[in-house]
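Dear colleague,

I am handing over the structure below, and my notes on it follow directly after. Please read them alongside the model.

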Amino acid sequence: ELPEVFLPHALFRINLNPLEEIGWSAYGVEQVVFEVCMNPGQLFTPLHKTASGGEMARLMLALKVVTTNQQNVSTLIFDEIDHGVSGSVALAIGRRLRRLGKCGQVMAITHSAQVASQAQHHLIVAKQQEQKSTATTVQVLSETERVNEIARMLSGNNINDAARMAASELMKETL
């Protein structure tokens, strides 16, 4: 899965370090450490000390894909799995999420046009605040509204024909 999310040389392993008996608990008798080697010739180091935000997001997506294939999971929810990435890497993540959606329901919270463009359905979640209350609304977008929203994600509030055309082209890039 790692090459699919633009980590072609990354290696991942799980280290189980035995704890002293005093450290044993209902959680186990070992400390679990996720380790990665991001580039050839580097040593394995703890994931949380080595990986950037974007690398961490992509590693977690790959791990989720692998573990989902081993379990009977019908719904996956990703909250900004595209953190720290853009461009072709974000598009690769969007494509991977789309393929995952063929095996079950996938919900992805994203601010990336590349990821959103790969969705089969697009929802807008908005908060509306009044004096002493906040209401959250969810709106299912039509195809035209999807194009406009992805155009907005690409170009900010200046939604013009060029932005709509770019959004339409991006949406055509599905597997």
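His83 sits in the loop that links strand E4 (75-79) to H3, where helices (H or I, at least four residues) and strands (E, at least two) are DSSP runs numbered from the N terminus. Once neighbours within four places in sequence are set aside, His83 is in contact with Gly53, Gly54 and Ala57, contact being heavy atoms within 4.5 Å.

This is a predicted model, in which local features need pLDDT of at least 70 and side-chain atom pairs count only at pLDDT 80 or more, while totals for chains, interfaces and linings use all residues. Residues are numbered from 1 along each chain as its sequence is written, and side-chain values use heavy atoms, with hydrogens and water left out.

As for helix H3, its buried residues are Val89, Ala90, Leu91, Ala92, Ile93, Gly94, Arg96, Leu97 and Leu100.

Taken as a whole, the protein chain has 6 helices and 7 strands, and along the sequence these follow the pattern β-β-β-α-α-β-α-β-α-β-β-α-α. The C-alpha trace spans about 65 × 45 × 30 Å along its principal axes, and 30% of the 175 residues count as buried. Among contacts between residues at least 6 apart in sequence, 49% join residues at least 24 apart.

Key. Buried means under 20% relative accessible area, exposed over 50%, partly exposed in between (1.4 Å probe, protein chains only).
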